[in-house]
Amino acid sequence: MAVLLGAGLAIAGSPSATANSPAQPVPNQVTDLETRGNKPQAANQSAAAGNRAYFVITAPADVAAGKTAVTGNGGTVFASYDPIGVIVAHSTAADFATKVRAVAGVQQVGATRTTDVPAAAANPAIPPSPSQTTPTANEISRYDMVNIGADKAWDVNQGSAAVTVGVLDTGVDDQHYDLKANFDAGKSASCAYGKLDTREGAWRPVGDHGTHVAGTIAAAKNGKGAIGVAPGVKVSSVRIAENPSGLFFPENTVCAFVFAGDKGIKVTNNSYYTDPWLFNCPSDRDQAAILEGVKRAAAYAEGKGVLNVAAAGNENYNLAGKSTDNTSPDDSTPVNRTVTNDCLSLPTELPGVVVVSALTSSNGKSSYSNFGTNKVHIAAPGDSVYSTVPGGGYGQKSGTSMASPHVAGVAALLASVNPSATVADLRGKLAAQAEDQACPSDSRCTGGTTKNSFYGEGRVDALEAVNGTTPPGGKTFTNDTNVDIPDAGAAVTSSVVVTGITGNAPSTLKVGVDIKHPYRGDLVIDLVAPDGTTYRLKNSSGDSADNVITTFPVDASSEVANGTWKLKVQDVASADVGYIDTWSLTF
């Protein structure tokens, strides 16, 4: 059976001991630590002999000319994503790419596969709806939800049904007992083979991976089975895995991101890498076109207000120190090749994507999890995660595939309590609210307690998402204007004007701070109340780590809430400069 996360990122763990197993056998549920070697080769599929798929990349204004170039040089237009200038072309002509590259207005052309397009692309079958069983076991608090504070967050805010998280994966069982109430069919589809298919049920599973991911995000809190991080939000399925290969080709990914943007999905979870290349290198013309096409699609989704969350990968690989790859292409015969840091895993290493590494139950780095300085942004539980599988069942899986949906769920909580938040706001809040995790005794981990190559900004915090941002009845006031902090100079201030709060400030006033500075020990930070009273938040110290991104609790109950509050920051030592990026008060 194909391994998911682009056939390379998911690791299936042992099945959970439950009486509520699905009526039909569930793929991947009984395999321990699956690897790419378990995947059937795409060349063994029935294929339209010699028919290959290509990206033809143009400027959006030149799409019509690009389509003419395709049809005029022995190809057909299979699908087209006109707003981003990406055409999916099929051709049996060996010189198709060479000829189309020479046409004026065509920017890039590249093969998206190293094997033929499956014959099923012409008339894809709708996956059957799995036979269902009803769970009898009661919900319990599981380690992953406890570790990120989700079990406490549920008592505060379970998320809004106005927020939909799109699961870009192998499909989701929309009839599962724990998912059907939260499933958003109107924002679900199949993008297998690179063409949008909105027929009823096209989104259904061709493996159990996507259903497991969906349950971690939004399994209902109904007393039975499992509970997701955000059981009050909606989840949709955008199937990008093909059947039977289980592969996630570039055209499928482009289709999914564009669909997510057009449908108003708020968060996408991407627990895969785009096949057939583990890393796509710009020096290769085919891979360069893949890089550009998927990059444009992800940027299009973000431009429409979608936060994209992705798994870091399961190769125990330093993404900031690439050297070799012996697993690609995974749709034909892998070769040993040299790769460099400009070769990217997609969509994980694209700009704006929130990248998630995996944690053990004791909050250490999972043995398989990829890592890398400025590559991993945040961490979440990934080992033996219990969640939904098709047919009404439940099972355990391990992998960064399982870590990523925890973060997608927390992002959905943030979007629920901050409905006007931008994508940048959500990224910033995930980082600012994460629980710091210091490097272990492992030379591969570089950085400080607040940010490092294993855990990024730290472990995701579901409780802080709902309790530290906008608690029930609370209100947040933010100043996002940057203020430069002079080196060894006078203190600077940034103000927020608080209005509409009755009486005094709370004893649990939360001061959210995001200050960029390469040596945070130089900084003295104070909160100044409207009457001039000063509350010391941080003294100077010998702490050589960078940045101050945290939330300070302040007992401000003696202060009138309304008025102008100031954050005062002074650099008391020489040699480094920084700035106040953003700060907030939550009442």
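## A disulfide to start with

Cys-191 and Cys-255 are joined by a disulfide, with their sulfur atoms 2.1 Å apart; the term stands for a pair of cysteine sulfur atoms within 2.5 Å. This link is left-handed, with -65° about the S-S bond. It connects distant parts of the chain, 64 residues apart: Cys-191 sits in the loop between β7 (189-190) and α5 (209-218), while Cys-255 belongs to helix α6 (residues 250-263). Helices (H or I, at least four residues) and strands (E, at least two) are DSSP runs, numbered from the N terminus. In total, the structure holds 3 disulfides.

Before we go on, please note that this is a predicted model, in which local features need pLDDT of at least 70 and side-chain atom pairs count only at pLDDT 80 or more, while totals for chains, interfaces and linings use all residues. Residues are numbered from 1 along each chain as its sequence is written, and side-chain values use heavy atoms, leaving out hydrogens and water.

The side chains of Glu-251 and Arg-113 meet in a salt bridge at 2.9 Å, N to O. A salt bridge here is a side-chain nitrogen of Lys or Arg within 4 Å of a carboxyl oxygen of Asp or Glu. Side chains of opposite charge can pair when their charged atoms come close. The structure holds 19 salt bridges.

## Three domains

The domain assignment (automatic or from a database) gives domain 1 (52-111), domain 2 (143-275 + 347-467) and domain 3 (476-586). The C-alpha centres of domain 2 and domain 3 are 32 Å apart. Their contact (heavy atoms within 4.5 Å) takes 8 residues from domain 2 and 8 residues from domain 3.

How much area do domain 2 and domain 3 bury between them? The value is about 690 Å², 41% of it on carbon and sulfur atoms. Buried area is the accessible area (1.4 Å probe) that two parts lose on being put together, summed over both. On the side of domain 2, Ala-432, Thr-450 and Glu-464 lose the most area to domain 3, together 48% of what that side buries.

Between these two domains the count of salt bridges is 0. α9 (423-433) and α10 (462-467) each supply at least two residues of the side of domain 2 that touches domain 3.
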